[in-house]
Amino acid sequence: MRAKNKWLLPEGIEEVLPPRAAQLDVLCRRILDQFSGWGYELVMPPLIEYLDTLFTGTEEDLELQTFKVIDQLNGKLMGIRADTTPQVARIEVHNLKRNRPSRLCYIGTVLHTMPGGPGGARALLQTGAELYGHKGIESDAEILALMLKTLQLSGLHDIHVDIGHVGIMQGLTGPMQLDADREALLFSCVQRKAADELKTMLKEWSLDDASGEALVSLMELEGDAGILDQVRVILRPCGEELCAYVDELDRIAELTSRQVGNAPLYFDVTEFQGYHYHTGMTFVAYMPGESEGIAFGGRYDNVCQAFGRARLATGFSTDALKLFDLAQQSHVPKKGICAPNSEVPGLYELVDRLREEGETVIYRLPGDGSETESDPECSDCDRQIVLEHGHWQVRKI
């Protein structure tokens, strides 16, 4: 690499500079404070782990997204985390070992080998919340409401959330007994809403029965709670259990709306982000103009079981940096106080007290050309400390 290019960063990797870094920090603090207010305790998993624990209970896509390195101490293969959720599950199962509902949250960088789309980021500031030890729809509704509150707190309001249920997809595709290749083709059609392509595929496979017809019909059906009766009609020939999943989604949405007024919830029962990862309700939050979702979540009861202990779980995650960029908030940090370079008694004590009170105090440095009161060293200061009648005072500049 030529000398002039030594400062270039890898594609999809970003650094955050002032004042944007301070503004992002404010958002992260507010998000964590909100999690705490809901009873979620902060955990800090390591950035890197051995692969045999990092991938436990996860799907193949996560392994493809993980950078791998060799531990020089023992030669074992390690991975830089691409998702924090499995790590939090490991902590809950092996470290905390609780026998009651447990609420945990996190924030930290995750690294992906490939971006989610053209020009996308590979380093995300992932934050999220996980609720363990409860099976009911109340915990799913709490996680969904907390996700919506987090997006609103970030300054995002023009959003909508698509809700689905893995049980419905499994109930429709399970009887088809698809091999891995056919399953991947079918899921690709459903994700792309390619109904005609799916019809042709099912006919060629001789699977154009009640389940196939229901799947095609549901792909073209999404909307608010008003569509659920129609969804039930489509699913009833395939079994009452599938209708029970619809009832479950209806109740989750109702409970969520009680916590978040006018919750922008929409139903797409063929939505299956993380199909092999989740076990119940799933949801994805979208914004106009964004091709990818901005927050993801749902129930994933099997991940903890893979760590050796059955533990029910539901949660969500998002990229705090993405939320910050989308909201385009311009938090203006509080101005500081400029202090003279002086050994007159009382100055250091005053500066310490001001800093303990949360003020930013910057000492002028000798010889930097900023010794005059009219030209303080820091342009972000709107006050200065001056000596008046033998006493140090804070005065506006």
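Leu96 lies in helix H4, which covers residues 85-96, where helices are DSSP runs of H or I with at least four residues, strands are DSSP runs of E with at least two, and both are numbered from the N terminus. The model is predicted, so that local features need pLDDT of at least 70 and side-chain atom pairs count only at pLDDT 80 or more, whereas totals for chains, interfaces and linings use all residues. Residues are numbered from 1 along each chain as its sequence is written, and side-chain values use heavy atoms, with hydrogens and water left out. With a relative accessible area of 32%, Leu96 is partly exposed, a class that falls between buried (under 20% relative accessible area) and exposed (over 50%), as computed with a 1.4 Å probe on protein chains only. When residues up to four places away in sequence are not counted, Leu96 touches Ile91, Ser102 and Leu104, contact being defined as heavy atoms within 4.5 Å. Between Leu96 and Asp83, which are 13 residues apart in sequence, the C-alpha to C-alpha separation is 20 Å.

The axes of helix H9 (residues 210-219) and helix H10 (residues 228-235) come within 9 Å and cross at roughly 160 degrees; axes are lines fitted to C-alpha atoms, for helices over the stretch in contact, and angles between N-to-C directions run from 0 to 180 degrees. H9 is therefore roughly antiparallel to H10, given that angles over 145 degrees count as roughly antiparallel, those under 35 as roughly parallel, those from 65 to 115 as roughly perpendicular and the rest as oblique. On the H9 side, Ala214, Ser217 and Leu218 meet Val231, Ile234 and Leu235 of H10. By class, this contact has five nonpolar residues, one polar residue and no charged residues, where Ala, Val, Leu, Ile, Met, Phe, Trp, Tyr, Cys and Pro count as nonpolar, Asp, Glu, Lys and Arg as charged, and the others, Gly among them, as polar.

A search of the whole structure for disulfides, defined as pairs of cysteine sulfur atoms within 2.5 Å, finds zero. The sulfur of Cys338 is too far for a bond because the closest cysteine sulfur, in Cys381, is 4.9 Å away, and Cys338 is buried, with a relative accessible area of 0%. For Cys238, the closest cysteine sulfur is that of Cys243 at 8.7 Å, again too far for a bond, while Cys238 is partly exposed at 22% relative accessible area.

The protein chain contains 14 helices and 15 strands, and buried residues make up 47% of its 397 residues.
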